[in-house]
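Subject: Structure handover

Hello,

Here is the structure I promised to pass on. Please open it first, then read my notes below.

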Amino acid sequence: MRLLLCHRDGQPAAPWLADLRAALPGAQVDDWRPGLPPVYEHAVAWNPPQQLFDEQPQLRAVFNLGAGVDRLLALCLPPALRVVRLEDAGMAVQMAEYVCHALIRFFRGFDGYARQQQARQWAPRPAPVRGDFPVGVMGLGALGARVAQAVRQFDFPVLGWSRTPRRVEGVRCFDGAAGLHEFLRGTRVLVCLLPLTGDTRGILRRDTLARLRPGGYVINVARGGHLVEADLRALLDEGHLAGAALDVASAEPLPADSPLWRHPGVTVTPHVSAQTGRREAVEEVARAVRALAAGAAPSGLVERGRGY
Ligand code: NAP
Ligand code: GLV
């Protein structure tokens with residue numbers, strides 16, 4: 001079996017090649033470069049160029065080295081090509097850390113205490129009431145379900161929203177367009193962990209965010225394309241929203257002149273809320289390659305028509 005690696009986020013390829021070769025003994029694993037002969041069955045890729053698929057039309061499967069496949073599916077891919085994504089690969093626990101950190105920082109007013117320290121001010125404020133901060137998680141998949149459970153551990157009321165009905169212990173679950181407004185009405189801290197698809201692009205906009213409880217907070221750890229940034233800023237400036245933690249942006253890197261950098265209610269991080277673990281990712285890819293070789297559907301197989 002021949003497999004191509006095309007990892008394009010500036011990381012050195014050598015450790016990936018070594019780990020893939022160790023996990024798939026007997027496979028020929030090569031680093032992609034333009035002009036290779038079209039002899040490969042599989043590609044393992046992150047943000048590959050269109051050229052990879054134009055030059056390798058015989059590929060049977062591409063293994064995406066991330067959870068979200070929006071950029072990959074935006075390319076022109078052969079209709080029969082199977083797309084397999086990572087599920088977890090060390091990311092779920094990082095998402096849980098990131099979201100709990102942002103939530104607790106907001107809930108406990110830690111930014112305010114940091115400002116007080118700068119002013120040498122010793123001024124306790126009353127403890128906030130947890131029940132006034134229901135947390136709504138959009139997307140109850142590999143990452144969202146783990147985040148909802150982690151938030152639950154801190155005794156916050158937790159709501160969840162998915163496309164089809166889901167059950168997550170301790171979480172009030174809603175689904176579909178019919179469940180969205182009630183989900184939003186019950187939520188004060190909104191966490192976005194949806195895939196970016198035709199149905200979810202721009203879903204965080206004025207008419208949805210305005211339905212959150214007053215003093216709401218938005219944590220977007222999914223994709224910048226989910227959020228209409230101008231609507232978020234307007235709702236922050238009007239006081240309906242109290243703040244936002246944004247790990248993703250509509251343009252990445254976030255341009256130097258974006259008002260989000262300096263907005264007092266906004267915390268920006270550079271798309272690091274959950275990073276692919278190499279060891280875990282290689283294990284997942286190797287399992288999926290073996291499943292395909294055995295004629296089985298691998299876990300993480302993307303429904304291309306659905307967009308995730
Ligand atoms: P997943 O397992 O595919 O779960 C997606 C969830 O979203 C599912 O619960 C799904 O509903 C729901 N959903 C999809 N379309 C919907 C719609 N139209 N309406 C309502 N719910 C909808 O995905 P995941 O592994 O948890 O990852 C989620 C996303 O996180 C990725 O796509 C990626 O964009 C993002 N991400 C970001 C980072 C980062 O560092 N910022 C890292 C990793 C991932 P069903 O359960 O009914 O299918
Ligand atoms: C990262 O953003 C991913 O989708 O894995």
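At least three residues come from each of domain 1 (2–89 + 276–293) and domain 2 (91–268); the bounds come from an automatic or database domain assignment.

Before the rest, the ground rules. This is a predicted model, in which local features need pLDDT of at least 70 and side-chain atom pairs count only at pLDDT 80 or more, while totals for chains, interfaces and linings use all residues. Residues are numbered from 1 along each chain as its sequence is written, chains are lettered from A and ligands numbered from 1 in the order in which they are written, and side-chain values use heavy atoms, with hydrogens and water left out.

Ligand 1

There are 30 residues around ligand 1, and Arg-85, Leu-140, Thr-164, Arg-166 and Tyr-308 come nearest. A residue counts as near if one of its heavy atoms lies within 4 Å of the molecule or strand. By class, the shell holds 15 nonpolar, nine polar and six charged residues. Here Ala, Val, Leu, Ile, Met, Phe, Trp, Tyr, Cys and Pro count as nonpolar, Asp, Glu, Lys and Arg as charged, and the others, Gly among them, as polar.

Now the polar contacts (pairs of N or O atoms within 3.5 Å; within protein, one must be able to donate a hydrogen and the other to accept it, and residues adjacent in sequence count only if both atoms are side-chain atoms). The side chain of Thr-164 places an N or O atom 2.5 Å from an oxygen of ligand 1. For Ser-273, a side-chain N or O atom is 3.1 Å from a nitrogen of the ligand. Ala-274 uses its backbone: an N or O atom there lies 3.1 Å from a ligand oxygen. On its own, ligand 1 has 940 Å² of accessible area, and the protein covers 94% of it. Areas come from the Shrake-Rupley method with a 1.4 Å probe; for residues, only the protein chains shown count as cover.

Helix 4 (91–107), helix 6 (142–152) and strand 7 (158–162) are the elements that give two or more residues to this shell. Helix 6 gives the largest share, three residues. Helices (H or I, at least four residues) and strands (E, at least two) are DSSP runs, numbered from the N terminus.

Ligand 2

Trp-46, Gly-66, Ala-67, Gly-68, Met-91, Arg-223 and His-271 surround ligand 2. Three of these residues are nonpolar, three polar and one charged. A backbone N or O atom of Gly-68 is 2.8 Å from a ligand oxygen. The Arg-223 side chain has an N or O atom 2.7 Å from an oxygen of ligand 2. A polar side-chain atom of His-271 also lies 2.7 Å from an oxygen of ligand 2. Taken alone, ligand 2 exposes 200 Å², of which the protein buries 88%.

Two backbone points

Glu-252 and Pro-253 are joined by a cis peptide bond, with omega about -5°. Pro-253 sits in the loop between strand 11 (241–246) and strand 12 (266–268). Asn-47 has a positive phi, near 50°, and is not a glycine. Its loop runs between strand 3 (42–46) and helix 2 (50–55).

Best wishes
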